[in-house]
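Hi,

Here is the structure I promised to pass on.

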Amino acid sequence: WDAVIEAMMIAAFITVMMVSIEYLSVITRGAFQRELKRSRWRQYVAAAVLGALPGCLGPFLVVALYTHRAIGFGALVATMIATSGDEAWVMLALFPREAIGIMVVLGAVGIVAGAATDLLLPGTRHGVDPCLDLVVHNMASCRCLPGRATAEQWCHAKPVRYVVTLGMLVYTTAVVAGIAGPTQWNWIRVSLVLSGLFGLFVVTTVPDHFLSEHIWVHVIQKHVPRIFGWTVTALLFVSLLEQMVHLQAFVDRNPWAVLGGAAAVGVIPESGPHLVFVRMFDEGAIPASILVASSIVQDGHGMLPLLAESRTEFFKVKLVNVFVGLGVGGALLSLGG
């Protein structure tokens, strides 16, 4: 039961943050794409930043840019090393300070690895040029600040607007009351309240199209059930494993085996399995080096669009990720980190 309650709180936090990212992504209209072609180093930095952003939107966008010849193979590698997929939301919810530090490390490693990849493997690029649908588009119905139309939307509001608004209101109230998140007022609790208020602003002002397609279909229906399911599974798995095996003792005796296992699990192109290592780190059962290695190798489901188009290209990226993940994780583990 405790695992279910904790998973509900984590999923609620992730939902609010994903709605906020979705909103900001749409209102920018992808204007940065024109700037990427001007400099390869600009591509590495932008790709690493997009990868470091929690969730799948950044990696999906980079894969689409790559398949449309807007960026190179090194930038794609930088993104997939920097990203932790939806697990990044969970890390921010469980241990925000450490999560931010890990994201910074992954971003820096991604930039270096991307540049090194292009240097060692010049001209690496596959011949498929599909047209992947981007979540960000230029439909007039996605105008996120409709002005006076906001009041009219509420006069003829669809049931989904009431449901999502009520959910945001319940979440924000729970954080303010100390039911969800930290019980003491600190920067984390203040940040959660501010994010909840921003999420409430988004769902009460955006047009019906944005609410239905971007928030309800993309975030809530597509992501939240999977995040909740994997979170509960990971919490229960680690809880049961702790009762059967002394995790700390096992990791102390077999750190290199656990490191290799984390890298192997990271190859799976799906958000979820990595949560086991997130939870183990939160419990103090594994060191940061193993979590970093797993985070470098795994990319959530950000590579699934590329896997559908080119298995060869998918495994090229994964091979680089495994090499870098084991190298960085092994170095940190050797130093006792």
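Below is what I found, going from the whole chain to single residues.

First, the ground rules. This is a predicted model, in which local features need pLDDT of at least 70 and side-chain atom pairs count only at pLDDT 80 or more, while totals for chains, interfaces and linings use all residues. Residues are numbered from 1 along each chain as its sequence is written, and side-chain values use heavy atoms, with hydrogens and water left out.

The chain as a whole: there are 17 helices and zero strands. Of the 337 residues, 52% count as buried; buried means under 20% relative accessible area, exposed over 50%, and partly exposed in between, with a 1.4 Å probe and protein chains only. The accessible surface is about 15100 Å², and carbon and sulfur atoms hold 69% of that (Shrake-Rupley method, 1.4 Å probe; for residues, only the protein chains shown count as cover). If you take the contacts (heavy atoms within 4.5 Å) between residues at least 6 apart in sequence, 82% join residues at least 24 apart.

Now to the helices. Every one of the 10 residues of helix H5 (residues 73-82) is buried, among them Phe73, Leu76, Thr79 and Met80.

Helix H6 (residues 87-94) packs against helix H7 (residues 96-120) at an angle of about 140°, and their axes are 6 Å apart. The axes are lines fitted to C-alpha atoms over the stretch in contact, and the angles run from 0 to 180 degrees between N-to-C directions. H6 and H7 are therefore oblique to each other (under 35 degrees counts as roughly parallel, over 145 as roughly antiparallel, 65 to 115 as roughly perpendicular, and the rest as oblique). H6 brings Ala88, Met91, Leu92 and Leu94 to the contact, and H7 brings Pro96, Ala99, Ile100 and Met103.

On to the aromatic rings. The whole structure has five aromatic pairs, counting rings of Phe, Tyr and Trp (its six-membered ring) with centres within 6.5 Å; planes under 30 degrees apart are stacked, over 60 edge-to-face, and the rest tilted. In one of them, Phe95 and Phe281 have ring centres 5.0 Å apart and planes at 70°, so the pair is edge-to-face. Phe95 sits in the loop between H6 and H7, and Phe281 is 186 residues away in helix H14 (residues 275-282). Both Phe95 and Phe281 are buried. Phe314 and Phe315 also form an edge-to-face pair, with centres 5.1 Å apart and planes at 85°. Phe314 is buried at 3% relative accessible area, whereas Phe315 is partly exposed at 49%.

Finally, two residues to look up. Val16, in helix H1 (residues 2-28), is buried with a relative accessible area of 1%. Leaving out residues up to four places away in sequence, Val16 touches Met168, Tyr171, Ser195 and Gly196. The C-alpha atoms of Val16 and Ser195 are 6.8 Å apart, although 179 residues separate them along the chain.

Pro273 lies in the loop between helix H13 (255-266) and H14 and is buried at 14% relative accessibility. Beyond its neighbours within four places in sequence, Pro273 contacts Glu87, Trp230, Val265 and Ile268.

Best wishes

Notes. Helix = DSSP H or I, 4+ residues; strand = E, 2+ residues; numbered from the N terminus.
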